[in-house]
Every structure is written in C-alpha cells, then in structure tokens.
Amino acid sequence: MKLRRSMLFLPGANAAMLSTAYVFKPDTIMFDLEDAVSLREKDAARILVFHALQMPVYRDIETAVRINPLSTPFGLKDLEAVVRAGVDVVRLPKTDTADDVKALETEVERIERDCGREVGSTKLMAAIESASGVVNAVAIATASKRLVGIALAGFDYVMDMQTERGDGAELFYARCAVLHAARFAKIDAFDVVFSDVNDDEGFLKEVDLIRRLGFNGKSLINPRQIDLLHNAFAPTQEEVDYSRRVVAAAEQGERQGLGVVSLNGKMIDAPVIEHARVVLRRADASGVRQ
Amino acid sequence: MKIVREALAGTLESSDLMVRIAPRDGELAIVLQSEVVHQFGAQIEAVARDCLARLGITEALVVIEDKGALDCVVAARVQTAVSRAVDEWTADWSALS
C-alpha cells in the first residue's frame, strides 16, 4: 500500500527547488507545469521537469507532474515530455468529466508505445475543480484503471461555486462527494491546499478534519507543512497499543480455529482487525503522533 | 539545426544559470562565467557541448552565467535556449535525455 499523505507542489520552472526538494521527503513530489508557471516559461519548465524526473535522487520518491489541460497548446507537449521521462503519476487539472480522463489515457498509452515504456506503467490522478467535476466524481474516479486517486482543488472550485474559501463549510459537499467517489472506486482521495503557510494552527485544524473524514492526504505548497501533516496522520500511542492487542488476539484466535474472538469482553470481527492493521501500517510509516 | 536569433533561458538565481545563445558563423564558442569555474567549469562546458552536439548545433556563441546549477539544469537551460533560437523547434525527447 503506497502512502500518499503529503503531495508537495513545486513550481516547474524553479531550478533550485527542483534540485533540492527530495530532501524534504514528502510521500509524493508534484512538479507543477500548470498554474505555477507563467505562459512565457512553459517551454523552459517542461524541459527542466523532463530532466528533474530523471535525477537519481527522485528514484525513491513517487514523482507526479501536474500538466496543463489537454485543451491548451501546452497539455499534450507536457505529456509527451513527462511520460518519456518516466514520471510515476500524471495529474490532470480541471477534470470535469470521465471523458477527460479517457482522453488522457488514450494519449498516455500512445506515448508509452512510442517510447517503449511498459503500457500501463504511467499512473493517473484527476483533479476536480468545478461543480461539474464534483457532480461527475464517481464517473471520473472509475474512468480508468490507471487512476490512483482524485483530488479536490479548492480555489477554482469555490470560484465556480460563486463563493470563497472560509471555514471549510464551502467545501463540505465537494469533500464528501470526492471522498465517496474515491472510496467507491477504491482509489485515494486528496484534499485541497492550505495556502497560509504561517498559520500552523489553522492548517492542523483542517488536517484533523480531513483525516477524520477519511482523506488519504493533502496537497502542500510549503515543505514546512510536511512534518506537521505526517505527525497529524500518525496514530496515537494508545491507538497503536490497542491495535497490537487486537491483532495479537486475532492471530491467537486464528491459531485456535476460532471464527470470532473477543478482547476485554468486546467482539473483534474482520473490520476491526483490518482497521487495527491499517493503524499499525500507519505507525510503521509515520511513527507515533507526538 | 541553425541558430537564427538571439535567445535567453534560465535565471540568475542560486542553483540555476542564464544561457544566452546567438548566431555565430564558422565556430561554436562557449563563454562561461561561474563562481565555481575552477572546480566545475570543465564539467559545465562539457555538458553544454554535449547538448549542443546532440541538437546538431555546430555554429553559435553561447554565454553561460552559472550560479551553481546541477548538470541536468545546465542541460535543460541550454536546450531551452536553443529551442528559442531556432526556426520550427520540435522536441525530440530522446535527443534531450
């Protein structure tokens, strides 16, 4: 199970950040060719990211690239570059319908065949940024076997909804819709960027909310947010201790041929055992919450 | 490919470089400025020459102002400068690797 708690966005035209970002060890590094790159630097960013993707330092970190929409003059050129460079995941912005994903998949497969890359090895992620995307979330999430996740992008979405970012109420329906679509499709769900990098308290409040809702992780724009996020996603010592007891009781019951086991008088069934294993896997990856 | 106009690529920020390329008849001249020219000057020039050769550039004046860029950044900026200085650029990604 690939952990995708933190997805760190880097401007694709920024040589210094592309050269050093691996030291921050996010779960996924997202090279951005779209909104973070000015129109006149689109060509330069594409070539820079093409090279960055092939840097040995990124071999142990999942790499993703947010390309420009295929409807722009840049999207297909971006795709040609990053698939050939060996990107792990292509993120499609402004995904409104399942057809957007299918069109992307068709092009990715063509490029994989052209360059000799294993067909199917390029994974996809769809960003939902509009009312249309939210309404079509289930169709989008199930549009391709290459999809590893769908992400809600807050700024464009609230503009489309004729509102603005606030306490999170404005995103409530979209978060739930995206999350349910992802769970239905059995792929990951990612929450929006929290843009005030100096407001740790607000960031952690939002992280706590999306973690409890069930999101896998969050898009980040500052490396400082990575440790905060990973710690917030780590289970507590109490949760780890309880999960260890659950798994131990389940394994003992299995050895004794018992269908159902109990711990401290409470029945432990399959969902409880699976949840305990998930908690222990999170503890392996993130440690225990400080 | 022939350099037909002057073009720039890159920045003067740390870990980057600025590449200026211009038409030049009969020679490929590279002028390099870098604070680490004694340690890495030869390497930077070798990367630039390799990029230019793979793009078929045999005549040009290339001025590089390096600010501590990695090899892959040097390659990216040289290739971008060339792409902006030629007519009808089409990316051949295998030649850019």
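Is Lys94(A) buried, partly exposed or exposed? In this predicted model, Lys94(A) counts as partly exposed, at a relative accessibility of 32%. The side chain of Lys94(A) meets that of Glu34(A) in a salt bridge, with an N to O distance of 2.8 Å. Because Glu34(A) lies in the loop between strand S2 (28-32) and H2 of chain A, and Lys94(A) in the loop between strand S4 (89-92) and helix H4 (98-115), the pair ties together parts that are 60 residues apart in sequence. Glu34(A), in turn, is buried, with a relative accessible area of 3%. Both residues belong to a network of salt bridges that also links Asp32(A), Arg66(A), Glu129(A) and Asp156(A). Over all chains, the structure holds 35 salt bridges.

In chain B, a salt bridge is formed by Asp16(B) and Arg77(B), whose closest N and O atoms are 2.9 Å apart. Asp16(B) is placed in the loop between strand S1 (7-10) and strand S2 (17-22) of chain B and Arg77(B) in helix H2 of that chain, so this pair ties together parts that are 61 residues apart in sequence. Asp16(B) and Arg77(B) are both buried.

The contact between the chains draws on 19 residues from chain A and 16 residues from chain B. The area buried between chain A and chain B is about 1,500 Å², with carbon and sulfur atoms giving 65%. Of the area that chain A buries against chain B, 35% is supplied by Ile47(A), Phe50(A) and His51(A), more than by any other three residues.

Two salt bridges are counted between chain A and chain B. One of them joins Glu41(A) to Arg84(B), with the closest N and O atoms 3.5 Å apart. Six residue pairs are in polar contact across the interface. On the side of chain A that touches chain B, helix H1 (15-20), helix H2 (42-52) and helix H3 (75-85) each supply at least two residues. H2(A) gives the most, with seven residues. By residue class, this side of chain A divides into nine nonpolar, three polar and seven charged residues.

A search of the whole structure finds zero disulfides. The sulfur of Cys115(A) is 19 Å from the closest cysteine sulfur, in Cys72(B), which is too far for a bond. Cys72(B) is likewise in no disulfide, the nearest cysteine sulfur being that of Cys51(B), 10 Å away. Cys115(A) is partly exposed, with a relative accessible area of 32%, whereas Cys72(B) is buried, at 17%.

Definitions and conventions: Residues are numbered from 1 along each chain as its sequence is written. Chains are lettered from A and ligands numbered from 1 in the order in which they are written. This is a predicted model: local features need pLDDT of at least 70, side-chain atom pairs count only at pLDDT 80 or more; totals for chains, interfaces and linings use all residues. Side-chain values use heavy atoms; hydrogens and water are left out. Contact means heavy atoms within 4.5 Å. Buried area is the accessible area (1.4 Å probe) that two parts lose on being put together, summed over both. A salt bridge is a side-chain nitrogen of Lys or Arg within 4 Å of a carboxyl oxygen of Asp or Glu. A polar contact is a pair of N or O atoms within 3.5 Å; within protein, one must be able to donate a hydrogen and the other to accept it, and residues adjacent in sequence count only if both atoms are side-chain atoms. Helices (H or I, at least four residues) and strands (E, at least two) are DSSP runs, numbered from the N terminus. Ala, Val, Leu, Ile, Met, Phe, Trp, Tyr, Cys and Pro count as nonpolar, Asp, Glu, Lys and Arg as charged, and the others, Gly among them, as polar. A disulfide is a pair of cysteine sulfur atoms within 2.5 Å. Buried means under 20% relative accessible area, exposed over 50%, partly exposed in between (1.4 Å probe, protein chains only).
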